Amino acid sequence: MKKFVLLAVCLCFLPRLSGGEEISLAPSLQIYDRYGVPMRGYLSQQQTYFRPVELAQVSPWLILAAVSAEDKRFFMHPGVDYKAVLRAAWQNAKEGEVVSGASTITQQLARVIEPRPRTLWGKAKEAWNALLLERGKTKEEILEEYFNLLEFGALTQGVEAASNYYFGCPAAELSVAQAATLAGMIQSPVRFDPVKHPQSCQKRRNAVLRLMRQNGFIDQDVYQMALAEPLTLQAAPRPFSAPHFTRYLAQLAGPDTADIYSTLDARVQTRAAQIVQNQLARFTQENVTNAAAVVLDNRTGGVLAYVGSADFNDTRHAGQVDGVRALRQPGSALKPFVYALGMDKGFYPSYMMKDEDTFFEDGYRPRNYDGTFHGWVSARKALACSYNIPAVKVAAAVGAPTLLAGLRQLGLTTLNKPAGFYGLGLSLGAGEVRLLDLAGAYATLARGGLYKPVLLAETPVIGGPGAVRRVFDERVSFLVTDMLKDNAARADAFGLNSPLQVPFEMAAKTGTSKDYRDNFAIGYTPRWTVAVWAGNFDGSPMRRVSGIAGAAPILHDLAVYMQSVYPSPRFTLPDGVKAVTVCAQSGLPAGKNCTRTQTDYFLADKLPDSVCDGRHQALAPAARITFPQNGDVFKWDPAVAPDSQQILFQAEAAHPEFCQWVLDKKIKGQGNNVWWKIAPGKHRLVLRCGAETDTIRFEVLQ
């Protein structure tokens, strides 16, 4: 008696639960595709697969089974079952060892909330806490928390996660036999594991069913039917699809997010991964060890497929590196945006440029991929065949700062250094971008120049930074798209039957970085965009594998598949674009003396001022500095007011509105004529008119 009095006194001084104390557990994250197909599940903060559930969403059979197996007087006792305590004490004393327990469901919950050692004092505190829980909670609240905190092995916590894992159904849909199985596992999830110990599990299940029958919770017919039900595990293994994508999405999700319905299409994801693996298997001798691909829904910007590497588990080739978001040099893949920006500087698809050895600012001297020069070529052919020198000429007309700003507006935010750092080489990929961002930039062209941030999930909404904005005129986007889908225009460089040729309308571009370290191939239709990278994550070069040979075959197969599941219409001609018959030699609207003509597109409000006269003496608008002359020397007179000592720079140009004067790398003005207040020294004067430039040097003596 003295022991019990002492125990009661000690309990009064022990720290104790408040009547309403509970454990708040964050659910484990589950990611689905856009149609609800599970893609991947993540462990919760307590390192379990946990899905919270309300008691109303738990099968009544499970409630009855748990009460039968663990605490048949649950609805009658105040937290401690004194009858069970006396019974257990008598049995244990009789056997001389612990053969029976008396913990109620409420005590088990108290033990989970505040674990204590299995000693006399620990059991006493557990009982005390159970009494306090009953004072602060209803029986229904205790059961709900109990069902959510139970662990069922295999890192599974809570009856909802257990029901899905073992039986492939929510807790609300458990049959009598399934409910008895889970209730039987409460006693020992390890010993009664239905996967590892199915016989022991079934024996325990049948024992729980007998208790349910004895307690009058089921009748004889239900009991017999439940006994006859085989122990069938219906759940598939926990999914591990799109590992790079789901990992990225999990990083962006909020800490309490339970379910993410992504934009991914599981069908497209599976097929894209297969195509990447199949095509990569062809490169056994070329040192191409990896590839990545991403597919976007142009309408929403949603990601339909996201393949970060050929094999996530390939440690030899760094398979866990995410090639969709890795920084890589895109090579010629930026050229379409150079030409789009160049439309504001007077360029158009049939504009003729001379592909020749050219020195640009700071001695920059680009070379073509094939090592040759191609003479006079149209902008259409130069872009389609990916000639470097014409692209740099367009970039020079646009200006590196304007080009950089335009690329950033397209979402290529990893180009975060000043324009002077990249120079005109930016037009040939002298910067690092992510494949995901590059796909978004091309999708902007597909949408007619409207940029939308890439969307990763719809519920909750998770996407890239930025806002919807117009980057290019719809008409400009059409002109560039028409150049990129012209298979005949790229035939000289890639042939008529290259991987970029598909049996439907698709605009496409490849890119190869310096020393063959990176391959890119991007294709788009009005409905979707596919972007592919191939190379090595360790940065080692491939053995002369270009974009058309490495990444383009993956693009081809994936595009053909996309057209079968997401059929796309043809590109439509927007208002304000005019089809004009042009001279094939000069690129200007054809005159009556032109014998070789073709049809090309122009912005209706920016048609060339002149018509080809058929003589073709000048294949493009000429640009020439007429004053000063190269080598001229001037004298600065200190006796004359400085403002009166000026030189008039003069030029001849067919389109002076596109001409820009640059003196010693500083812009001085536009047009045919520009005044300059002289300054002593040696000077370099450059006239830029579209793709054409003229350079002279002169000196001012002091």
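Mentor: Let's start with holes: on a 1 Å grid over the protein atoms alone, a cavity is a set of points where a 1.4 Å probe fits but cannot get out, and its lining residues have an atom within 4 Å of a point. What you see is a predicted model, where local features need pLDDT of at least 70 and side-chain atom pairs pLDDT 80 or more, while totals for chains, interfaces and linings use all residues. Residues are numbered from 1 along each chain as its sequence is written, and side-chain values use heavy atoms, with hydrogens and water left out.

Searching the whole structure turns up three cavities of 30 Å³ or more. Around it sit Leu-383, Ala-384, Leu-484, Arg-490, Phe-494, Leu-500, Ala-508, Lys-509 and Thr-510. Two elements each give two or more residues to this lining, helix H14 (379-384) and strand E16 (507-512); helices here are DSSP runs of H or I with at least four residues, strands are runs of E with at least two, and both are numbered from the N terminus. E16 gives the largest share, three residues. By type, the lining splits into six nonpolar, one polar and two charged residues. Here Ala, Val, Leu, Ile, Met, Phe, Trp, Tyr, Cys and Pro count as nonpolar, Asp, Glu, Lys and Arg as charged, and the others, Gly among them, as polar.

Now for the cysteines. If two cysteine sulfurs lie within 2.5 Å, we call the pair a disulfide, and that rule gives a count of one. Cys-659 is joined to Cys-689, with 1.9 Å from S to S. This bond ties together distant parts of the chain, 30 residues apart: Cys-659 is in strand E24 (residues 659-663) and Cys-689 in strand E27 (residues 681-689). The S-S torsion is about 115°, so this disulfide is right-handed. Both Cys-659 and Cys-689 are buried, meaning under 20% relative accessible area with a 1.4 Å probe and protein chains only.

Why doesn't the sulfur of Cys-385 form a bond? Its closest cysteine sulfur, in Cys-583, is 19 Å away, which is too far. Cys-385 counts as buried, though, at 5% relative accessibility. Cys-612 is in no disulfide either, and the nearest cysteine sulfur, in Cys-594, lies 3.4 Å away. Cys-612 is buried too, with a relative accessible area of 6%.

Methods
1 Å grid on protein atoms, 1.4 Å probe; cavity = no way out; pocket = protein on both sides within 12 Å on 5 of 7 lines; lining within 4 Å. Points joined across faces, edges and corners; volume = space filled by probe spheres on them. Buried < 20%, exposed > 50% of the residue type's maximum accessible area, 1.4 Å probe, protein only.
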